[in-house]
Amino acid sequence: MMVDSPDRPEPLTGDRNLETEEFVVNMGPQHPSTHGVCRLILTMDGEVIKKVVPDIGFLHRSIEKIAENRTYHQFMIYTDRIDYVSSMNANHAWCVAVEKLAGIEVPERAEYLRVIMAELNRIASHLVFLASFAIDLGAVTPFLYAFRERERIVDLFEMTCGQRLTYNYMRIGGVSKDVPKDFVSETKKFCSYLYPRVDEYEAILTENPIFLGRTKGIGLLDLPTAINYSVSGPPLRGSGLKWDIRKDEPYSAYEKFDFDIPTGENGDTWDRYKVRIEEMRQSARIVEQALEGLPEGGIKAKVPARFRPPQGEAFARIEAPRGEMAYFIVSDGSTKPYRVKIRTASFCNLQALPVMARGWKIADIVAIFGSLDIILPEVDR
Amino acid sequence: MGVVQKVPVYLEKIPGGGLITTSLDAVLNWSRASSLWYLLFGTACCAIEGLMCTGASRYDYDRFGMIFRASPRQADLMIVAGTITNKMAKRVKILYEQMSEPKYVIAMGGCAIRGGPFYYDCYSVLRGVDLVIPVDVYVPGCPPRPESILEGCLKLQQKIKKQKVSDWSKTEKFIPEPK
Amino acid sequence: MTPEELTSKIKATFAEKVEELPAVTGIPAFKVKPEHLEEVCTTLVSDPELNFDNLPCLGGIDYPETNEIGVVYCLFSFAKRHHLNLRVIMPRDNPEVISVSKFWVAADWFERETAELFGIKFKDHPDPRPLLLIEEWDEGYPMRRDWEGKDFIRMPETGQEK
Amino acid sequence: MRAARQVWSGVYNLVLGLVTVFKHLGHKAITLQYPDERMPMFERSRGVVVLLSDPETGKLNCTACMVCARICPVYAIDLERSEEPDPETKKRYPVKFEIDNTTCAFCGLCEEACNFDAIKLTGKYEFSVYDQKTLLYDRDFLQELGRDVPYEKKKKPLPKAKAAPKADPTSPKPEEPASPKPEESPEESPGEDKPEA
């Protein structure tokens, strides 16, 4: 590897005269802290990690092959399953890419609804992160709190589209259903309910000395490495780059909303956690603004059932909760895509794990892995 | 097959022995059904619904005496939540074999039952977890609601309560039948 | 840099080494011969005006009709905020191209995946092991369009594609 | 001094966390006592798929036009059409209608595509079984499941809908299928409305 951070701590510290032998620890594929089925092969020197080799593919479901055999409409249900914790964002990415390809204008109300859903899902996704991250570090209470709030978001989604996890809500050219009558008031209630709850998580975790000891200064990722490894999302922002596709390459209706991009300073585990916590507040802000300005009008552009985009290619990326999600679509003018390449955030973020974990203790890898917020179907597709 | 496993069979044959075995059945099955410790084994979407949401505040596995275990050695129940790929299939079998008897399996969601949405046009997904390990209860859904999986657990408890100690001697080797 | 400036800049820098393709939704696209790729990438990374420091996406693409196979590189520059789409087209029988993981480490896994699923060989790859499929996979390259496997069930025709 | 501040911050934050947790002591638990207590399901909930029947005649609404089977991304619907129309309703009907609940993705595309209020995803969810083979639901079972499902009858698209596309985005009918559906049904399923027209 070309890029190597100079300020990484040395794996071995202190005077040691004893001869030691490296040994290999196998973590996974079934391990409670790998959030799915990821295998990490750790080469250890005592308690210190010398090398991490992630072994992936335990959830490779050949979604790219399936995409070649489904129509553009039908493939929507598979995008749900690529990133199941934030299906709305995965749907959104697919819609944005196909609409770019075919040049479809989306009604404004649909764009607003998409933004509301995507942001609510971002909050839900970060709550799942918080729950699993806290439970990995030994704090069970935030798990119960986070899922209590998540249930409310899930109720909002179920009210709108009928499912709790794989929403399949967006359609090419709009959204499938208009929101029900009391959705707006319920969501407003939820947003005002969320802010004090986020403060509550912060009261439990952020400055807690045990939590600080487990996260502060652990798993450093410096900015040039992060960029070269194509790391995106909260890990990139945690390393200090003010970069958010919602702000810098706005899609949908994001340029109309006012929100901040939280960034970290050191690029450690704690910064990545803090960025996500702050993003929850910002997402709630976006939702509130979008609900305020929710325009009337149609929710779906006219797209034929046998939708045939023109021949060509499209590359579109959006900011999903875990980072940048992009679709590269090649169309041959038929109802099915010729080739779909799915670029997911976790795939690249996981690749940077060896750099971040090298030199730390074995107990820290749980924190570092958790702070990346990897979703395995996104890695393997 | 040890002698201990044969004892209930002979016990049942002596006069009055039936009474002992049935009361033994009742006690054992009651304790087994009400302390189903499940293995934290989630692969895909269903893991969020079946293991995390259902274990969290609103639906609560603890009410059924179900507590999650990270190690298969301590678990009685394996909820196969999510897609099992060919690469994972071997590991699933190993995990199942590591669990101590009596052990039960719930196949949760379409993917675990028969490949689900990944049945067609897919080169890497195992079409049903029952091709590698025996399954007791199937919970359809993609993913199923937490209530559905709780209902599946209740169904499994009913199944456990119908077990007999005299069936212990019939330890069958599982042979996956080709579909 | 705007896409137009970028197009003219690249044309001026590389002359006949690159061949312009239709833009990918506003992103300039260029075709590069496999033997020129290393040189082109070196310039793309080191030239202070181009400065492509990030590789968001890399994937294979198969054209069985023309017996060709390609690799698509989506490049991005955080410093200059511009996109570029590069493409390498090779004959399908023995495709071989230089690995770009020495320019962008992110290419490492992308290339392993592409090598495994499309059968494209990446020269000088630091870690050329398979990535996603089972260890004992021997059924060829599944993402090629004419691939057939023994466990592969095609969805029956339902009339959508007419 | 720095050490003292650290100790103070540590103690303060530990106490803050404990106070936060203890504040929840008086709150009402949100746990749902599932078998005794159920969530009211939302109208749009996408649980198991059912076939709807006409409340007056008791016959299936389905005309076996195959739209749902075609749109299904996972090929879960197996549908066979009758040769002759039903003598009473003068409509074709499905001889065989099977939904494979093992592959079904509960995506709701079939419900959206249907023009005849024949298929619906309902909020029913308790369908776990001991045997996998029983998850293949046949026509009669699906009809039985759909008996008690209330639904609003959609306006039936006229066969001549192509000539007059009704552009009413303001009308409160979000469940209306995608706009091209009216022009699609005549060409895709020739003659299904002919007996009535």
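A cavity is a set of grid points where a 1.4 Å probe fits but cannot get out, and its lining residues have an atom within 4 Å of a point. The structure examined here is a predicted model. A search of the whole structure finds 10 cavities of 30 Å³ or more.

The largest cavity has a volume of about 170 Å³. Its lining comprises 21 residues. Those nearest the centre are R145(B), R46(D), G47(D), K124(D) and Y125(D). Nine lining residues are nonpolar, seven are polar and five are charged.

The second largest cavity holds about 100 Å³ of space. It is lined by 15 residues. Nearest its centre lie C72(D), I77(D), C104(D), C107(D) and C110(D). The lining has 14 nonpolar residues, one polar residue and no charged residues.

Chain A also forms an interface with chain C. Here 50 residues of chain A are in contact with 51 residues of chain C. The two chains bury about 4300 Å² between them, with 57% of this area on carbon and sulfur atoms. K65(A), F315(A) and Y338(A) supply 16% of the area that chain A buries against chain C, more than any other three residues.

Five salt bridges cross the interface of chain A and chain C. One of them joins R381(A) to E113(C), with the closest N and O atoms 3.3 Å apart. Polar contact links 18 residue pairs across this interface, both residues being at pLDDT 80 or more. Elements that give two or more residues to the chain A side include α3 (87-102), β8 (312-320) and β10 (337-343). β10(A) gives the most, with five residues. By class, the side of chain A that touches chain C has 22 nonpolar, nine polar and 19 charged residues.

Notes
Residues are numbered from 1 along each chain as its sequence is written. Chains are lettered from A and ligands numbered from 1 in the order in which they are written. This is a predicted model: local features need pLDDT of at least 70, side-chain atom pairs count only at pLDDT 80 or more; totals for chains, interfaces and linings use all residues. Side-chain values use heavy atoms; hydrogens and water are left out. On a 1 Å grid over the protein atoms alone, a cavity is a set of points where a 1.4 Å probe fits but cannot get out, and a pocket is an open set with protein on both sides within 12 Å along at least five of seven lines; lining residues have an atom within 4 Å of a point. Grid points are joined across faces, edges and corners, and a volume is the space filled by probe spheres set on the points. Ala, Val, Leu, Ile, Met, Phe, Trp, Tyr, Cys and Pro count as nonpolar, Asp, Glu, Lys and Arg as charged, and the others, Gly among them, as polar. Contact means heavy atoms within 4.5 Å. Buried area is the accessible area (1.4 Å probe) that two parts lose on being put together, summed over both. A salt bridge is a side-chain nitrogen of Lys or Arg within 4 Å of a carboxyl oxygen of Asp or Glu. A polar contact is a pair of N or O atoms within 3.5 Å; within protein, one must be able to donate a hydrogen and the other to accept it, and residues adjacent in sequence count only if both atoms are side-chain atoms. Helices (H or I, at least four residues) and strands (E, at least two) are DSSP runs, numbered from the N terminus.
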